[in-house]
Amino acid sequence: DGATYIGATLFEFTNKTGVTAYAVKEGTKRIAWRAMKNTGCQNIKQLTLPSTLKEIGQYAFANMSALETLDIPNSVKSLSVDILRDCTSLKELHIGTGLESIDTWSYSRSMFGPTPKLTTLTVDPANPYYRSYNNRLIRRADDTLLEIAQGTIQGDVVIDNVRRVNVLAMYTLVGADVTVTFGPDVEYIDPQIGNYQHSAVHVKSYHVNSASPYYLATDGFLIRRADSTLIAAPVLHISEDGELSLPAAIARTSLLWDASYTKLTLHAIGHIDINEPTASFCWPDKLVLSYPCVSTITIAGKPLSEALSEIKGLISVDPYGGTYANGT
């Protein structure tokens with residue numbers, strides 16, 4: 001019926017007959033990478049998974065744009081990210097008792113992929129590894145928010161009832177024009193949410209509950225209290241000419257990975273930390289440092305002079321590379 005198996009693994013399914021409901025056969029233990037991202041699978045509205053299923057691979061159900069609900073059986077122990085990428089009609093996702101791990105990777109946009117109509121995201125209360133709260137996926141071991149049901153994002157987003165926020169949780173805000181407020185119990189926000197926040201993530205402003213001992217917000221900027229480090233900047237403060245100007249309350253910052261600004265002005269910054277000097281890092285066209293401003297620059301946690309001395313091989317500087325003046 002259009003299904004190709006290797007042992008107990010569903011390797012590929014092509015919907016040759018155009019059915020709108022499909023049940024993966026009992027005895028199947030794994031669904032492979034991109035297994036149902038094929039011809040005709042966009043027509044399937046109802047998908048039934050077997051009680052023997054153990055693993056679901058990355059992009060397994062990607063582009064199934066008609067799929068409306070999905071139940072992950074109790075037998076499933078592991079998922080890969082992006083299994084539901086571009087399932088634009090998906091409204092409900094239910095996760096069973098057996099899920100133990102979700103295989104993540106840092107450049108994924110979200111745990112399950114863009115699902116703009118997803119309003120119901122639940123985990124069976126008997127699951128010892130994950131829980132759901134307010135249509136959000138949370139890892140029990142460290143009380144970390146992993147995913148916000150994208151269809152529930154309307155204007156204001158309050159993140160509470162968790163201690164930690166994973167960087168991927170913020171990717172469900174892509175395309176949303178929202179204000180994000182963090183509750184007082186949030187003690188750790190992945191610092192990469194600023195570096196990995198693309199221009200498509202329209203956070204107008206960040207707010208923090210005044211009772212929080214861990215974070216604060218100044219003029220909509222999210223700041224870590226302990227060392228006055230900028231965590232994330234809202235697009236609200238990017239001017240029409242592409243300039244992002246940081247307030248004086250920020251003492252430390254990374255260069256933000258965001259292509260939406262072309263000029264970055266820093267005031268009273270005592271330290272710039274370049275954590276990820278890779279070829280894909282998006283530098284602004286112009287970096288303006290108010291003098292006297294930067295006292296230290298580090299790359300991957302090492303002083304600039306030490307980091308540069310360890311670089312071996314050819315080093316090139318392009319017109320956007322900038323210059324280091326007076327040995328600073």
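In which sense do strand S8 and S10 pair, and over how many bridges? Strand S8 (residues 78-80) and S10 pair in the parallel sense over three bridges. Two strands count as paired if DSSP finds at least two bridges between them. Helices (H or I, at least four residues) and strands (E, at least two) are DSSP runs, numbered from the N terminus.

This is a predicted model, in which local features need pLDDT of at least 70 and side-chain atom pairs count only at pLDDT 80 or more, while totals for chains, interfaces and linings use all residues. Residues are numbered from 1 along each chain as its sequence is written, and side-chain values use heavy atoms, with hydrogens and water left out.

**Sheets**

Strands of a sheet pair through backbone hydrogen bonds, either parallel or antiparallel. S8 and S10 belong to an open sheet of six strands with mixed pairing, in the order S1-S2-S4-S6-S8-S10. Strand S1 (3-6) and strand S10 (101-103) stand at its edges with a single partner strand each, so one side of each has no neighbour in the sheet. Within S10, Ile102 stands opposite Leu79.

An open sheet of five strands, also with mixed pairing, runs in the order S12-S13-S14-S16-S18. Here strand S12 (130-132) and strand S18 (188-189) are at the edges, each with a single partner strand, so one side of each is left without a neighbour in the sheet. Strand S14 (residues 144-148) pairs with strand S16 (residues 164-165) in the parallel sense over two bridges. Arg164 in S16 stands opposite Thr144.

**Buried residues and contacts**

Buried means under 20% relative accessible area, exposed over 50%, and partly exposed in between (1.4 Å probe, protein chains only).

| Residue | Relative accessibility | Class |
|---|---|---|
| Cys41 | 1% | buried |
| Cys87 | 0% | buried |
| Thr179 | 14% | buried |

A search of the whole structure finds zero disulfides, a disulfide being a pair of cysteine sulfur atoms within 2.5 Å.

Thr179 lies in strand S17 (residues 177-182). Contact means heavy atoms within 4.5 Å. Not counting residues up to four places away in sequence, Thr179 touches Gly155, Asp156, Val157, Lys204, Ser205 and His207.

A nonpolar core is a set of buried Ala, Val, Leu, Ile, Met, Phe, Trp, Tyr and Cys residues joined through side-chain atoms within 4.5 Å. The largest has 67 residues, of which Phe61 and Ile159 touch the most other members. Apart from this core lies another, of five residues, including Phe221, Ile223, Leu230 and Ile250.
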